[in-house]
Amino acid sequence: MTERVRDQVRARGIDPLIDREAVRALAADAVAGLPRGADSEGLARAAFDAVAGFGPLQAHLDDPTVEELWINAPGRVFVARGGASELTTVVLEEDEVRGLVERMLRLSGRRLDMSSPFVDAMLPDGSRLHVVIPDITRRHWAVNIRRHVVSARTLADLVRLGALTRQAAAFLDAAVLAGLNIVVAGGTQSGKTTFLNALLGSADSRERIISCEEVFELRLEHPDWIGMQTRAAGLEGVGEIPLRRLVTEALRMRPTRLVVGEVRQGEALDLLVAMNSGMPAMATIHANSAREALTKLCTLPLLAGPNIDAAFVVPTVAACVDLVVHLGTGREGRRVREIASVSGRVEGGIVELSRVFERSDAGLIRVASAAPHADRFAAHGIDIARLLAGTP
């Protein structure tokens, strides 16, 4: 059945990754004459998945509850649902894994070989693909597909899901409108990108947002938004576009808000420079707490060059970053652990930090006695003290 569909695709010159509906129609025609009682629908689906999809993996990629899929070995295929992993019944051949990866990379323009044993790319549905090959791995190709199961597009959605309280959401919504610089921190799979996406949902529709990411992950419903992603070097070893270059180019595109997804290296310096120019900015960073996020932001810019030192970076971080939102994952799911405010002061080389909201046994509660950055909110007509007090 699958070979019959594949032969028809070749004969008609159809690109199965682009014209998927044509392949679906051919698969339906191929099973039309089967005797009654045959699983026509299942056979058509299997043929379609093999020709226009990603074979045995496609059923999991079509499952809306699957957040991530990874292959440790041809016979060890895992998926994650709700943050918990499980071993699937999918068993592949070594050549089949390679063939599937080659198909996944075909439309991305990215390559994978001995000279470039890592690849980070985006699949047609927006999922993020990461692959590592031997001899970097011990024996088998390691494949990871992170899907974008977007369950929250606004802060109100996050409240509905229990990630934060209505009061905390109102505070963050006002912080976005007031143009505060916000860093979203957390561990892997803590929901940083989803949270950043929801935060940006509070931005004024008149803003021009420019986002810079290693691989496209943000999905904004904003009328004036340009997203850019990095590019690896070509076969000749040239043409690489790193995140630092994207941030520099973004500043030339008349942004009113800059967004940097996953600050990891020297681009932290460019982010701080942008924040210091008075332009509202947001970013995500791997960190285990709000304090650790600030410490990391004080360290990463030092990777930008030998002329950058802590005497410049630490006070700049204190002056530029306004809020840090820390996310965590537990039995109850992804939750905001703390929302901290940066006062702008430095004591003994340490940036002063105070918590506005903190999670306890009672939930996410307000702990700050004073409203942070009240003047910044007031400049945009927001009485933050009243908002935090819950006064109408």
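Which residues in α2 are buried? Ala22, Val23, Leu26, Ala27 and Ala30 are. Buried means under 20% relative accessible area, exposed over 50% and partly exposed in between, with a 1.4 Å probe and protein chains only.

## Basis

This is a predicted model, in which local features need pLDDT of at least 70 and side-chain atom pairs count only at pLDDT 80 or more, while totals for chains, interfaces and linings use all residues. Residues are numbered from 1 along each chain as its sequence is written, and side-chain values use heavy atoms, with hydrogens and water left out.

## Overall chain

The chain has 14 helices and 15 strands. Both are DSSP runs numbered from the N terminus: helices are H or I with at least four residues, strands are E with at least two. The C-alpha trace spans about 75 × 50 × 40 Å along its principal axes.

Of the 392 residues, 47% count as buried. Contact means heavy atoms within 4.5 Å. Among contacts with a separation of 6 or more, 51% come from residues 24 or more positions apart.

The buried residues of α2 fall within an arc of 140 degrees seen down the helix axis, so they line one face. The arc is that of the directions from the helix axis to the C-beta atoms. An α-helix has 3.6 residues a turn, so residues three or four places apart point the same way. On the other side of α2, Glu21 and Asp29 are exposed. The cover over the buried residues of α2 includes α1 and α3 (40–52).

Helix α1 (residues 2–12) and helix α2 (residues 20–30) have axes that come within 9 Å and cross at roughly 135 degrees. Axes are lines fitted to C-alpha atoms, for helices over the stretch in contact, and angles run from 0 to 180 degrees between N-to-C directions. The pair α1 and α2 is therefore oblique. Angles under 35 degrees count as roughly parallel, over 145 as roughly antiparallel, 65 to 115 as roughly perpendicular and the rest as oblique. From α1, Arg4, Val5, Gln8, Val9 and Arg12 make the contact; from α2, Val23, Leu26, Ala27 and Ala30 do. These residues divide into 6 nonpolar, 1 polar and 2 charged. Nonpolar covers Ala, Val, Leu, Ile, Met, Phe, Trp, Tyr, Cys and Pro; charged covers Asp, Glu, Lys and Arg; the others, Gly among them, are polar.

## Helices α11 and α12

The axes of α11 (residues 290–299) and α12 (residues 310–320) come within 8 Å and cross at roughly 135 degrees. This crossing is right-handed. Leu294, Leu297 and Cys298 of α11 meet Val313, Val314 and Val317 of α12. The contact holds 6 nonpolar residues, no polar and no charged.

Leu353 sits in strand β14 (residues 350–360). Leaving out residues up to four places away in sequence, Leu353 touches Ala290, Arg291, Leu294, Ala340, Ser341 and Val342.

## Backbone details

The peptide bond from Pro134 to Asp135 is cis, with omega near 10 degrees. Asp135 lies in the loop between β5 (128–132) and β6 (142–146).

Arg254 is not a glycine, yet its phi is positive, near 55 degrees. The loop between α9 (243–250) and β10 (257–260) holds Arg254. Arg254 counts as exposed, at 66% relative accessibility. Glu262 is not a glycine either, and has a positive phi of about 60 degrees. Glu262 lies in the loop between β10 and α10 (267–276). Glu262 is buried, with a relative accessible area of 13%.

How values were computed. Left-handed = near helix turned anticlockwise from the far one by under 90°.
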